[in-house]
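Open the model in your viewer and keep the selection tool at hand. This tour moves from one selection to the next.

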Amino acid sequence: AAPAAAAATAAAAAAADGISCCPSGSLPALTPPGSYTPRGVLGDLDGMAFYEVGKGNGMAVVVASDVFGILGGRHRGVCDQLADAGYHVCSPDYFPLPLNTLHV
């Protein structure tokens, strides 16, 4: 909950300054439902954080995150849905924060 609250605070501050990540008229950011709990695990491989979920039984997919990273929006929920469909899912955080700042 802490990263989501921090992101919401940062977005509100940016909006107050007239800064937006999205063009005017675009769809709003996807946010997870309040009752959602990610089922995967956060890990670290040589300093790159990642989210991993699912067994896959020989099928795997790598999910690229957007600029908001593996903790943003519904990203982990999408990964969980792919895992439910039978995939081993790994999503590297291409826009890294140190893992000790991830509070999930």
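Start where a helix meets a sheet: the buried residues of α2 pack against β2 and β4. Buried means under 20% relative accessible area, exposed means over 50%, and partly exposed lies in between (1.4 Å probe, protein chains only). Packing here rests on contact, that is, heavy atoms within 4.5 Å. Helices (H or I, at least four residues) and strands (E, at least two) are DSSP runs, numbered from the N terminus.

A word on the model. It is predicted: local features need pLDDT of at least 70, side-chain atom pairs count only at pLDDT 80 or more, and totals for chains, interfaces and linings use all residues. Residues are numbered from 1 along each chain as its sequence is written, and side-chain values use heavy atoms, with hydrogens and water left out.

**Stop 1: helix α2**

Select residues 75–84, which form helix α2. Which residues of α2 are buried? They are His75, Arg76, Gly77, Cys79, Asp80 and Ala83.

Helix α2 lies across β2, β3 and β4 (88–92), and runs at about 40° to β2. Axes are lines fitted to C-alpha atoms, for helices over the stretch in contact; angles run from 0 to 180 degrees between N-to-C directions. Then step just past the helix to Gly86, which has a positive phi of about 105°.

**Stop 2: the sheet**

Show the four strands together. They form an open sheet in the order β1-β2-β4-β3, with mixed pairing. On average, neighbouring strands are turned by 25° against each other, direction ignored. Two strands count as paired if DSSP finds at least two bridges between them.

Select β1 and β2 (residues 48–53). They pair in the antiparallel sense over five bridges. Gly43 stands opposite Phe50 in β2, and Asp44 has Ala49 as its bridge partner there.

Look for Tyr51, which stands opposite Ser91 in β4.

**Stop 3: a salt bridge**

How many salt bridges does the structure hold? There is one. A salt bridge is a side-chain nitrogen of Lys or Arg within 4 Å of a carboxyl oxygen of Asp or Glu. Select Asp84 and Arg39, whose side chains meet in it at 2.7 Å, N to O. Asp84 is in helix α2, Arg39 in the loop between α1 (2–16) and β1; the pair links distant parts of the chain, 45 residues apart. Asp84 is exposed, at 58% relative accessible area, while Arg39 is partly exposed, at 48%.

**Stop 4: a nonpolar patch**

Select Met48, Val62, Val67, Phe68, Tyr94 and Phe95, which make a nonpolar surface patch of about 610 Å². Patches are made of residues with over 30% relative accessible area and no salt bridge; like charges are joined within 9 Å, nonpolar side chains (Val, Leu, Ile, Met, Phe, Trp, Tyr) within 5 Å. Accessible areas come from the Shrake-Rupley method with a 1.4 Å probe; for residues, only the protein chains shown count as cover.

Focus on two members. Met48 is in strand β2 and is partly exposed, at 35%. Phe95 is in the segment after β4 and is partly exposed too, at 42%. Their C-alpha atoms are 9.1 Å apart, though 47 residues separate them along the chain. Phe95 also touches Ser65, Asp66 and Val67, leaving aside residues up to four places away in sequence.

**Stop 5: the whole chain**

Zoom out. The protein chain has two helices and four strands, in the pattern α-β-β-β-α-β. Of its 104 residues, 22% are buried. Among contacts with a separation of 6 or more, 73% join residues 24 or more positions apart. The chain exposes about 7000 Å², with 63% of it supplied by carbon and sulfur atoms.
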